[in-house]
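Please keep the sequence and the structure in view while reading.

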Amino acid sequence: MNLDLHSNQSTRYLQVYDYYRELITTGRLMEGTKMPSIRCCAQQLGLSRTTIETAYLCLAADGYIISRPQSGYYVTKRMTKTALVNASSCTTLSTDHSIQYNFTSNNVDADSFDFSLWRRYIKSTLRQDGRMLTYGEPQGEYELRETLCHYVTNKRNAVCHPENIVIGAGSQALLNILCPLIKSRKNVCFHDTYFAQGMAIFEDYDFTLVQDKEQANILYMTPSHMTTLGDVMNVRKRLSLLKECSEHDRLIIEDDYDNEFRYFSKPIPCLQGLSGGENVVYLSTFSKLLLPSIRLSFMILPDSLLPLYAKKKALYNQTASKSEQLALCQFLRDGHLDSQIRKLKRLYTNKAKYLSTLLEEAFGDRAEIFMGESVFLVHLKLRCCLSGSELHDRAKQKGLLVFHTPSHKDCSYAHIALSCCEVPMENFPNAVQLLKEIVADL
């Protein structure tokens, strides 16, 4: 204990009192912490039990600690100095409105996933005692890579073998593996700067981020989700992009998230498949299909990068849970992913239709309302004096988050979009009413 018992400033019991009071008021002794027993504290400090008991009684009298019969003394829920500082800082933020309705969230609906089914697969995996005693393969469990190869070949027209697939816990983990393999290429252009986490990884590896793709030798593309509003790159543009990148020796990193969710068309073949598996690194994830907390993503490397990866892969530990990999493998083999996609489409389509109906009732002929190509999004083009970004900012101030697209100054409408994933259907009426009030204030 940092306690000067040789000081002449006060009696010893007051020194003990001041010492513990300081620990409590600064938050170093948290609420509910058990104090040392009187006997133990007396032994540690070399003081009499009477001195310690007097100090404790003073602390209890001032409300810093409380005595519990046959248990001891505990720190009370008293406002500490730290808490007072936090409280005062919070008052400066009191003008900010908390977010009530987040229509931009990537989280999923509570009814979107069958937890009991997934729990059975996890339990089945954990019964494989022998396999659970070993570390996972650095590249990912082979049977899962084999199953994923079959899946992307049939569903996304990809061209690959299990040896091309690398599994990891999220896109960032995979980019940490990829960046050293392509370090000879210095400049990377992100089509959509929304993926700040990915941009940070490239900056950490000393890549230069450029805005003009003509100056880049790496293009980070999301062709199935070109903008925050869910626009999809058509086949003609995809072929043109591949041709251009081949002529200028540009590597494409294709982040193919949300590709399964389309209202009016089947998923367009991925860039990786259209290129024959050359000059394209393919990334995808199961976070939206299953749960965001199940961090399982995969990467398809072109054959040209496999020798480099083979030299380095033993240096990388597998970041994805081995048990979840094996559970997902059997989940896919039993055909549950297709039924999960159908379930999600039904759920989100019903939510989107209900949200569209509420918006039509609220804004009438002042607005154009339509469901986007993405299953999750409802678009609202509202005739008003604001741009989409301005309406977005006003809505945010009132606790409502929406997507927006920049409008030209001469446009007479604001274009926003609302993702119906996270917000429960029962909250839609209040959210639409809030949006109506925001517009009415104009």
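Which side chain does a polar contact join to that of Asp109? The side chain is that of Lys351, and the contact spans 2.6 Å. A polar contact here is a pair of N or O atoms within 3.5 Å; within protein, one must be able to donate a hydrogen and the other to accept it, and residues adjacent in sequence count only if both atoms are side-chain atoms.

The model is predicted, so local features need pLDDT of at least 70 and side-chain atom pairs count only at pLDDT 80 or more, whereas totals for chains, interfaces and linings use all residues. Residues are numbered from 1 along each chain as its sequence is written, and side-chain values use heavy atoms, with hydrogens and water left out.

Asp109 is found in the loop between strand 3 (101-102) and helix 5 (115-126). Helices (H or I, at least four residues) and strands (E, at least two) are DSSP runs, numbered from the N terminus. With a relative accessible area of 9%, Asp109 is buried; this term means under 20% relative accessible area, with a 1.4 Å probe and protein chains only. Leaving aside residues up to four places away in sequence, Asp109 touches Leu347, Tyr348, Lys351 and Cys421, where contact means heavy atoms within 4.5 Å.

Helix 14 (residues 336-363) packs against helix 16 (residues 428-440) at an angle of about 35°, and their axes are 10 Å apart. Axes are lines fitted to C-alpha atoms, for helices over the stretch in contact, and angles run from 0 to 180 degrees between N-to-C directions. Among the residues that meet are Lys351, Tyr354 and Leu355 in helix 14, and Phe428, Pro429 and Val432 in helix 16. By class, this contact has eleven nonpolar, no polar and two charged residues.

The next element is a sheet. Strands of a sheet pair through backbone hydrogen bonds, either parallel or antiparallel. In this model, four strands form an open sheet in the order 11-12-15-14, with antiparallel pairing. Strand 11 (367-371) and strand 14 (403-404) each have a single partner strand, so one side of each is left without a neighbour in the sheet. Two strands pair if DSSP finds at least two bridges between them; five bridges join strand 11 to strand 12 (residues 377-383). Glu368 stands opposite Lys381 in strand 12. Helix 15 (residues 388-397) lies across strand 12, strand 14 and strand 15 (413-419), at about 55° to strand 15.

Notes:
Buried < 20%, exposed > 50% of the residue type's maximum accessible area, 1.4 Å probe, protein only. Nonpolar A, V, L, I, M, F, W, Y, C, P; charged D, E, K, R; others polar.
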